[in-house]
Amino acid sequence: MSHSEEVEAHPYPERSFFWLATSIFLCYLTVGLPLPVIALFVHEQLGLSNTMVGLAVGIQFLATVSTRGYAGRAADTKGAKRTALWGMFSCGLAGCFYLGAALLPVPIWARFVILLLGRLSLGYGESQFLTGILAWGFGIMGPERSGTVMSWSGVAVYGALAAGAPIGLVLFNQWGFAALGVSTMLLPLIALCLNIWIRPIPIHCGHRVPFHSVVRLIVLPGMALSLQGVGFAVIGAFSSLYFLANNWGNAGLALSFFGGAFVTVRILFGNLPDRMGGFQVSLISFAIECFGLTLLWIAPHALVAWIGAALTGAGCSLIFPSLGVEVVRIAPPHIRGTAIGGFAAFQDIAYGLTGPLTGALASYAGFASVYLVAALCALAGFGTTLLFRHRASATTHVA
């Protein structure tokens, strides 16, 4: 099906995508609200170690990455709308587990297991609804505006994270972890209602290639994306404990500065990947992220840490859409959902592995050490992007 036919099927593409992006914001509040609270709940109330904090944060992303391939295939073969709505339901289900972890009169280990089940449900739901909405958005807006789709989806994602972190801390301090459970149940239900009226996109016909073949197609941009994701993962998992260890106030603001800068850059410069191409924007972004994480590592007080978090957010902002533009360009339409799902999975791998690994590192070398490791990963992402550009250029030249 041509792009013009896709647009004709959606006479108001911008309006439809606005509601899709709004639904992303609401669903990602279920990720942002508990993100700084999970560490406090596990460490302070359950009395468990930093490694268990990392596990509780990271297992959500492990669930996401393990189901990205399924989500992409479901969007390609069963429909993007169906995949997105099912993901929203699963996100809401996570709230039930959070309530159980907060209120059930069971031993601490059982409460922790129930919490992990909620994190798994949220991770599965995230992979379904975000992959589904991205494929839905590509079909509504057209592949030549894929960078815009991914940029504004990211505005919704990190806007929710920026708003969710301080709100989550307020809810937790006022009403306990149960308030996070109720919020997590209600927000995806609202998002689901907003999406019901939007038309589904047609399912493209074509030969379905194995997922491992798609992975080979996107491995270099995926590796670069995973290296970028370490920065967000360590800020999300350990910024609150880092601030507490240094006797700095307003622990939730580090994630807010990250998300606020992320959203600002997306709003002001979100069309750059479509206009300039992904490679140049990605390289500049990696350099900024590396500098911001270095500031977090050496921060003598909270102000420098907040600046570092903001620069990290600004650097991370355009990497996903910039590299994603290149992924959409090399992926045939009938496997585009699978390709973008597999590409996003590399970031989830970083989120899932970073929590437990850096949790052990923080216990051994202090919380500042995790930001040094993240800065080195951003530097490695810069190099991987250079390699991807070189191979893409060589392939184009041969073709």
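Helices are DSSP runs of H or I with at least four residues, and they are numbered from the N terminus (strands are runs of E, with at least two). By that count, Leu372 sits in helix α16. The model is a predicted one, so to speak of local features takes a pLDDT of at least 70, side-chain atom pairs count only at pLDDT 80 or more, and totals for chains, interfaces and linings use all residues. Residues are numbered from 1 along each chain as its sequence is written, and side-chain values use heavy atoms, with hydrogens and water left out.

Leu372 is partly exposed because its relative accessible area is 31%, where buried means under 20%, exposed means over 50% and partly exposed is what lies in between (1.4 Å probe, protein chains only). Leu372 also belongs to a nonpolar surface patch of about 470 Å², together with Trp297, Ile298, Leu376 and Leu379. Patch residues have over 30% relative accessible area and no salt bridge; nonpolar side chains (Val, Leu, Ile, Met, Phe, Trp, Tyr) are joined within 5 Å, and like charges within 9 Å. A salt bridge, for its part, is a side-chain nitrogen of Lys or Arg within 4 Å of a carboxyl oxygen of Asp or Glu. The areas come from the Shrake-Rupley method with a 1.4 Å probe, and for residues only the protein chains shown count as cover. Helix α16 (368–398) gives the most to this patch, three residues, and α12 (278–298) also supplies at least two.

Now for the gaps. On a 1 Å grid over the protein atoms alone, a cavity is a set of points where a 1.4 Å probe fits but cannot get out, while a pocket is an open set with protein on both sides within 12 Å along at least five of seven lines; lining residues have an atom within 4 Å of a point. Points are joined across faces, edges and corners, and a volume is the space filled by probe spheres set on them.

The second largest pocket holds about 200 Å³. Its lining includes Val373 and Cys377, and α15 (336–365) provides the largest share, seven residues. Nine lining residues are nonpolar, three polar and none charged, with Ala, Val, Leu, Ile, Met, Phe, Trp, Tyr, Cys and Pro counted as nonpolar, Asp, Glu, Lys and Arg as charged, and the others, Gly among them, as polar.

Of its 23 lining residues, Tyr28, Leu130, Val157, Tyr158 and Gln347 lie nearest the centre. Helix α7 (146–175) gives the most to this lining, six residues.
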